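Keep the viewer open as you read, and pick out the residues as they come up.

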Amino acid sequence: MDSGDTRTDRFGLLLDQFDRAREMAEVRLTGLSDEEYLWEPVPGCWSIRRRGEARTPRAFGPGEWVLDLGAADIPANEYAEVARQAAGGMSVAKIAEDWSVGVERVEQILARTGEPEPDETPVTTIAWRLAHLHFHFEGGWEWTFGERSREPKLLVDFSPSASVALDRFWTLIDRWRASVATVTEEQLDTVGFSQYPYGSDPDDPYIAVLSGANLEFIHHMAEIALLRDLWRSRVGTAG
């Protein structure tokens, strides 16, 4: 994009940021094979698995393939988000509900002292990262522009095929981006314009929700890009 075309209004900045990130992500995902998509670089990875082979207690999905999800807890790398939610006025009870943990766990995190707890966030496959993004953006669309009634965890039929998963994902992203483009200035400032049930969306103005969605997309796509680099190194092909 030419610098003269760069938007400087708050909405335009977020839209341009997302569009550029999406363009880079599509390039980086070109040529993704099924083997690479499902590659587990270390033991104990989270991925998508057949329902009868799921290794995690809360794996979910509406079809044969489900997305790994572990026991309810808040990973150490999300403690800052918990503190942000509390500082923004969310009650401890609401935070606990959003993270599916007990109130005591939230209070423990908010009151923690000394060194942070070890980060035990699992290593995940490309399939997991892409499915995780698909689930969140599909749910975000449903609970903002859709009927606001369907369970997000039942909206995405996860697939072991990289090409199928990518086709479905980019179709969703096109729909989500087109809907976001229609949002008005008033709606950007409306608290609860998104009622997505997992997270703080109902308590945030929509401009903050969009900023968070951009961050979610960018950081997971960066992780996918790194996994692709590691895959190339593993199989000894040219970088």
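## The second largest cavity

The lining of the second largest cavity in this predicted model is made up of seven nonpolar residues, one polar residue and one charged residue. To find the spot in your viewer, select Phe-11, Leu-14, Leu-15, Phe-18, Trp-176, Arg-177, Val-180, Leu-210 and Asn-214, which together line the space. Its volume is about 50 Å³.

H1 has the largest share of the lining, at four residues.

## The largest cavity

Searching the whole structure turns up two cavities of 30 Å³ or more. The largest cavity holds about 70 Å³ of space. Around this space sit Tyr-37, Ala-127, Leu-130, Ala-131, His-134, Val-156, Asp-157, Phe-158, Ser-159, Val-164, Ala-165 and Arg-168. Two elements give two or more residues to that lining: helix H6 (126–142) and helix H7 (162–180).

Of the elements lining the largest cavity, H6 gives the most, with four residues. Sorted by class, the lining has eight nonpolar, two polar and two charged residues.

## How H6 and H7 pack

The helices H6 and H7 also meet each other. Their axes come within 10 Å and cross at roughly 35 degrees, and the crossing is left-handed. On the H6 side, the residues in contact are Leu-130, Leu-133, His-134, Phe-137, Glu-138 and Trp-141. Facing them from H7 are Ala-165, Leu-166, Arg-168, Phe-169, Leu-172, Ile-173, Arg-175, Trp-176 and Ser-179. The contact counts 10 nonpolar, two polar and three charged residues.

## How H3 and H4 pack

Another helix pair to look at is H3 (residues 79–87) with H4 (residues 92–99), whose axes come within 10 Å and cross at roughly 140 degrees. H3 passes H4 in a right-handed crossing. H3 brings Glu-81, Val-82, Gln-85 and Ala-86 to the contact, while H4 brings Ile-95, Asp-98 and Trp-99. By class, that makes four nonpolar residues, one polar residue and two charged residues.

## The second largest pocket

Moving on to an open space, the second largest pocket has a volume of about 150 Å³. Its lining consists of Pro-41, Val-42, Pro-122, Val-123, Thr-124, Arg-129, Glu-223, Leu-226, Leu-227 and Leu-230. By class, seven of these residues are nonpolar, one is polar and two are charged.

Which helix gives the most to the lining of this pocket? Helix H9 (residues 206–235) does, with four residues.

Side chains of opposite charge can pair when their charged atoms come close. Across the whole structure, a search finds 17 salt bridges. One of them joins the side chains of Arg-228 and Glu-36, with an N to O distance of 2.7 Å. Arg-228 belongs to helix H9 and Glu-36 to helix H2 (residues 34–37), so this pair ties together parts that lie 192 residues apart in sequence.

Notes: Residues are numbered from 1 along each chain as its sequence is written. This is a predicted model: local features need pLDDT of at least 70, side-chain atom pairs count only at pLDDT 80 or more; totals for chains, interfaces and linings use all residues. Side-chain values use heavy atoms; hydrogens and water are left out. Axes are lines fitted to C-alpha atoms, for helices over the stretch in contact, and angles run from 0 to 180 degrees between N-to-C directions. A crossing is left-handed if the near helix is turned anticlockwise from the far one by less than a right angle, and right-handed if clockwise. Contact means heavy atoms within 4.5 Å. Ala, Val, Leu, Ile, Met, Phe, Trp, Tyr, Cys and Pro count as nonpolar, Asp, Glu, Lys and Arg as charged, and the others, Gly among them, as polar. On a 1 Å grid over the protein atoms alone, a cavity is a set of points where a 1.4 Å probe fits but cannot get out, and a pocket is an open set with protein on both sides within 12 Å along at least five of seven lines; lining residues have an atom within 4 Å of a point. Grid points are joined across faces, edges and corners, and a volume is the space filled by probe spheres set on the points. A salt bridge is a side-chain nitrogen of Lys or Arg within 4 Å of a carboxyl oxygen of Asp or Glu.
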